[in-house]
Amino acid sequence: MMNDNSYIEFVFRDYVIKKIVFNDLPENGKVHLDKKGELVTYDQYRDFYESIRSCTR
């Protein structure tokens, strides 16, 4: 169930993890990913992918 604290998390290899509250999503639907900060490694991406792949909700 979505509420005011619900967010979407973008995890993409070689980019910084980005979390955006659903209410703050841009109207045009475009999200800018950044390479400034701690970048997601291949292993981190695979761990994330495997965790959401088995998600049933």
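1. Arg46, Glu50 and Arg53 are joined in a network of salt bridges (a salt bridge being a side-chain nitrogen of Lys or Arg within 4 Å of a carboxyl oxygen of Asp or Glu). In this predicted model, local features need pLDDT of at least 70 and side-chain atom pairs count only at pLDDT 80 or more, while totals for chains, interfaces and linings use all residues. Residues are numbered from 1 along each chain as its sequence is written, and side-chain values use heavy atoms, with hydrogens and water left out.

2. Arg46 and Glu50 both belong to helix H1 (residues 42-53) and are four residues apart, about one turn of the helix. Arg53 and Glu50 are also both in helix H1, three residues apart, again about one turn. Helices (H or I, at least four residues) and strands (E, at least two) are DSSP runs, numbered from the N terminus.

3. Arg53 counts as exposed at 56% relative accessibility, whereas Arg46 is partly exposed at 30% and Glu50 is partly exposed at 34%. The cut-offs are under 20% relative accessible area for buried and over 50% for exposed, with partly exposed in between (1.4 Å probe, protein chains only).

4. The whole structure has three salt bridges. One of them joins the side chains of Glu9 and Lys19, at 3.5 Å from N to O. This pair links distant parts of the chain, with Glu9 in strand E1 (residues 7-10) and Lys19 in strand E2 (residues 18-21), ten residues apart. Glu9 is partly exposed, with a relative accessible area of 27%; Lys19 is exposed, at 53%.

5. There are two aromatic pairs in the structure. Phe12 and Tyr15 form a tilted pair, 5.7 Å centre to centre with 55 degrees between the planes. Tyr45 and Tyr49 form a stacked pair, 6.3 Å centre to centre with 25 degrees between the planes. Rings of Phe, Tyr and Trp (its six-membered ring) pair if their centres lie within 6.5 Å; planes under 30 degrees apart are stacked, over 60 edge-to-face, and the rest tilted.

6. Tyr45 and Tyr49 both lie in helix H1, four residues apart, about one turn of the helix. Tyr45 is partly exposed at 25%, and Tyr49 is partly exposed at 30%.

7. Tyr15 has a further contact: the charged end of Lys35 sits over the ring of Tyr15, 4.8 Å from its centre (NZ of Lys or CZ of Arg within 6 Å of the ring centre and within 35 degrees of the ring normal). Tyr15 is partly exposed, with a relative accessible area of 25%.
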